[in-house]
Structures are given as C-alpha cells and as structure tokens.
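Subject: Handing over a structure

Hello,

I am passing this structure on to you, and I hope you enjoy looking through it.

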Amino acid sequence: MTTTLPQTRHLATAVPGPRSAELHARRQQEVTAGFGVTLPVFIDRADGGILQDVDGNRLIDFASGIAVTSVGAANPAVRERVAAQLERFTHTCFMVTEYSAFTEVCAWLNRHVPGGFEKRTALFSTGAEAVENAVKIARAATGRPRVLVFDDAYHGRSLLTMAMTAKENPYRLNFGPFPATVHRAPTAAPLNRGGTPRTAEEALAGVEAVLAEHGPESFAAMVIEPIQGEGGFIVPVPGFLAGLRRIADRHGIVLVMDEIQAGMGRTGTLFASEHEGVAGDLTLTAKALAGGLPLSAVTGRAELMDAVHAGGLGGTYAGNPLACEAALAVFDQFEDGTLLANARAIEQAARAVLEPLQAEVPAVAEIRGRGAMLALEFADPQTLEPRPDLARETAAACHAQGVLVLVCGTYGNVIRLLPPLVIGEDLLRDGLEVLAGAIRTVAGAPAAATVAP
Ligand code: PLZ
C-alpha cells in the first residue's frame, strides 16, 4: 500500500519535543482540564503505521486513535471519496432531505452484520449515541425499562452510557446520580480478580440472579462487548456469549452486541462476535467504521428497528454524508480479505515477540486478545495484585522511544495494542521490539515486590 510518510520510526528530538511542549502549554491555557492526554505530542501528519509530530519525530502508532484508523489515518480511498463528496455538499441533515450514501452504508451493514434475519440500520455519529439509541430501540420494542450491563464494561461518556460503564475513575467520578434502571452483572473473571466467577456457568448464574432480583420481564436489553475494550481486552470465556444469547431468548430480552471497539475487522473477522458464533439482536458499530470520520450505527432485527415511531430516532449530524462516503471506502477495502488477514498476521507477529516474555518476566501475567486487539496484563506473580505502575512505566518507556501504546483495564494494569491493520511488517516488528525491551527494563529484573497501585 502506498503511504505519504516514510514508514520508519525516527526520533528527531525528545518525545515530546520542544514544539509539542509549547503547543501543549498553550492548550492548557485554552482547553478544559477535563480532557486527559496519553502523550502530549502534537501531530502534523499521519499515515500507515506512523504519526509524525510537529518536531519531526515519527512515532509508531499502536493506538489507531483508539481503534479508529484501521485503514490508516490518510487512506487514499477514504480521502478520494470524501474529497469528491466535499465538492458536492457537506451536509443536508438526513431528516430534512436524503442522500444515497446513507442508504448504502445501511445496506452494507445489513448484509454483513451477524444474524440470519432481516435487518435495518440507523446511523449516528458517536459510539455513545449508538449505545443510547440501541437502548431507546429496545425499550420501544419491548415496553420494558431496565438495562443489564457487565463488570469491566465500557459503553461511553454520555449520561446513560456512563452509567453503563463500569470504571469509576475517570468515567463516573463526580458525575452522578445515575439512572436506577441500569444493573450490572458479573462476567467470568480475568486473571486477577479473586472471588469473582471463573467459568461461563458461574458467570451466567450471576446474570440470572441479577435478572431474578428485579424481574427478568422488566429488562429491555442486555448490552455486552464481544471483547471488552477499555476494561482490559477481556475475551469472554468460552460459552459465555452463547449463554447470554440463551438467557436473552428465554426472557425476551434484546441482546445488544457492542462491537464499537472490537468490530470492523479488528479481531481478524469482520465482527468479534463471529468468534463465538453468536449474533446480537442489535449490533453496534462506530470507530473503524468510517476511517476516522465520525459515524456510528445500530444494525439489527427489522421488527425491533421498526418498532420505533417515525421521528423517534435521528440527530442533526446522524450519518453525515462525508462520513458515509468514508465508510463506503472502508467497506471496499474489506472486499478482498487483506485487512482481515493483516489482523491475523499482526496477532502472530505480536504473540511471537510477547509470549516469550511470560516465562521471562514474572509480572507479565497474561497476554490475551484476538487479531490486532492484543493486550498484556501486569500483576504480582504471587498475589495476582494488579500492577498499574508497571503498565504506566512501560507505556512511558515506549513513548520516550517513539512507540505509542495505550494503557487500559479496570485496574489500569494492561498495555493494549491497536495498530492500524495496514501497518507494515518491519514497522510492526520494530514497535514490538521496543515494547518487549521496555517490559524487560521496567518489569524484568528481580521479581519486584508488591507496590500499592
Ligand atoms: N463502546 C466498546 O470502546 C469508545 C473511549 C475513550 P464514543 N471507547 C473509547 C474515552 O476515554 O472516551 C467506546 C467503546 C465501546 C462505546 C464506546 C463509545 O464510543 O465514540 O467514544 O462515544
């Protein structure tokens, strides 16, 4: 694939460099303190697997803007279609007058989203909006109020989706009260949560218990990520999603599959729920859907999607024409299977470098994920206490060497990899070697004593 930037890591200054530091200082004078930043570096251009900053550093992108720029941040087909649309018009509002790109995006999703039933799609702009609208649709279709969500869930920052998100700091802190109709059930525990369920059966019994407590007939929806993203790249234990499917069917609850982070090819299949052979009644996409332009979708059973009264769904920017054109360009690139093959090749390359660390560095507790959605969890080898300090220091060491990795997890002790699916082999390997070196330096030598998080 042709790119506009050299696909090599290059350090021209310290990271962040002087120009970034200047711009960051200015930002602090003008931008709310409520936005955090992973790495205070200002980007000038980006393409393929590279982010080039204003100091001339070329950083390896293992973040993709949180799983968004899977086709690269300056994908030629995306640029071309968006530019052509820019010449025609930028906006009409689909609720005022119509345009075909909106319909075509819906048609592609109806065809490709899992589930052998007739589907309809609604388009919005952000992931949180897709989640909110799925709940609206499920309520309208069932006439029920409650929503079931799970431990370690992330569904957004809006008032309802924040209530659905599990992690207190930073997402929920000081922002309550929360709607009383959102209830949380257990998932089978990732490695270091002693006392929580370990198997699908145990977790599903916990789900049934929460439903029974409030009456299963009062639940409109259960919402689950097929791989939990912000919560720590937690792959569901085998049988858990299938069990949720059965419980949803038994009680007439709408199963909502939040594929916002894990979907659109990230895990080596178009949708992560395909790995479990489970289809949601409603499936949510956003992020990588439109190659960096804001677009999200709710796709699902026609009878649910059409249960809403006309005018009940919408939004000024919902399914913006530039974003729809970008999505159509992304869809074209899934046609030949290369992007999915890339995701699987990224997994192989990453596992080959990272898995040996498990034997070598005791605090590397687990390497998990699917395709190009892989994570490494740090915990004390004896107590399994989370080690967020090691994740933080490893990320900082990578950043200093020009590799952008993100930290996630309910305990902040997980390093996650979300490279663009178009990242070149050499660049990927270079980034992985930097990461492995950082882990050895930070967490390697003598088995560290437990440090309070
Ligand atoms: N559902 C599964 O991953 C967004 C959030 C980053 P929006 N995840 C990244 C942050 O700190 O805000 C996400 C997700 C899943 C929903 C969302 C929400 O998508 O487009 O950010 O609203």
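This is a predicted model: local features need pLDDT of at least 70, side-chain atom pairs count only at pLDDT 80 or more; totals for chains, interfaces and linings use all residues.

Leu376 has Ile415, in β15, as its bridge partner. The two strands involved, β12 (residues 373-378) and β15 (residues 414-417), are joined by 4 bridges and pair in the antiparallel sense; two strands pair if DSSP finds at least two bridges between them.

Residues are numbered from 1 along each chain as its sequence is written, and side-chain values use heavy atoms, leaving out hydrogens and water.

Back to the strands. β12 and β15 belong to an open sheet of 4 strands, ordered β11-β12-β15-β14 with antiparallel pairing. β11 (364-370) and β14 (406-408) each have a single partner strand, so one side of each is without a neighbour in the sheet. From one strand to the next, the twist averages 30°. Angles run from 0 to 180 degrees between N-to-C directions, and axes are lines fitted to C-alpha atoms, for helices over the stretch in contact.

Helix α13 (residues 388-400) lies across β12, β14 and β15, at about 40° to β15. Contact means heavy atoms within 4.5 Å. α13 also meets helix α14 (residues 425-444): their axes come within 9 Å and cross at roughly 135°. That makes α13 oblique to α14 (angles under 35 degrees count as roughly parallel, over 145 as roughly antiparallel, 65 to 115 as roughly perpendicular and the rest as oblique). On the α13 side the contact includes Leu390 and Glu393, and on the α14 side Val434 and Leu435 are among the residues. The residues of this contact divide into 9 nonpolar, 1 polar and 1 charged. Here Ala, Val, Leu, Ile, Met, Phe, Trp, Tyr, Cys and Pro count as nonpolar, Asp, Glu, Lys and Arg as charged, and the others, Gly among them, as polar.

There is also an open sheet of 7 strands, in the order β4-β10-β9-β8-β7-β5-β6, with mixed pairing. Its edge strands are β4 (119-124) and β6 (182-185), each pairing on one side only. Within this sheet, β5 (residues 146-150) and β7 (residues 219-224) run parallel and are joined by 3 bridges, with Val147 opposite Ala221 in β7. Helix α5 (residues 127-142) packs on the sheet, and its direction makes about 25° with that of β10. α9 packs on the sheet too, touching β5, β7 and β8, with its direction at about 170° to that of β7.

What angle do helix α8 (residues 200-214) and helix α9 (residues 240-251) make where they pack? The angle is about 30°, with the axes 9 Å apart. That makes α8 roughly parallel to α9. The residues of their contact divide into 8 nonpolar, 2 polar and 3 charged.

As for the whole, the protein chain has 14 helices and 15 strands. Its C-alpha trace spans about 60 × 55 × 45 Å along the principal axes.

Best wishes
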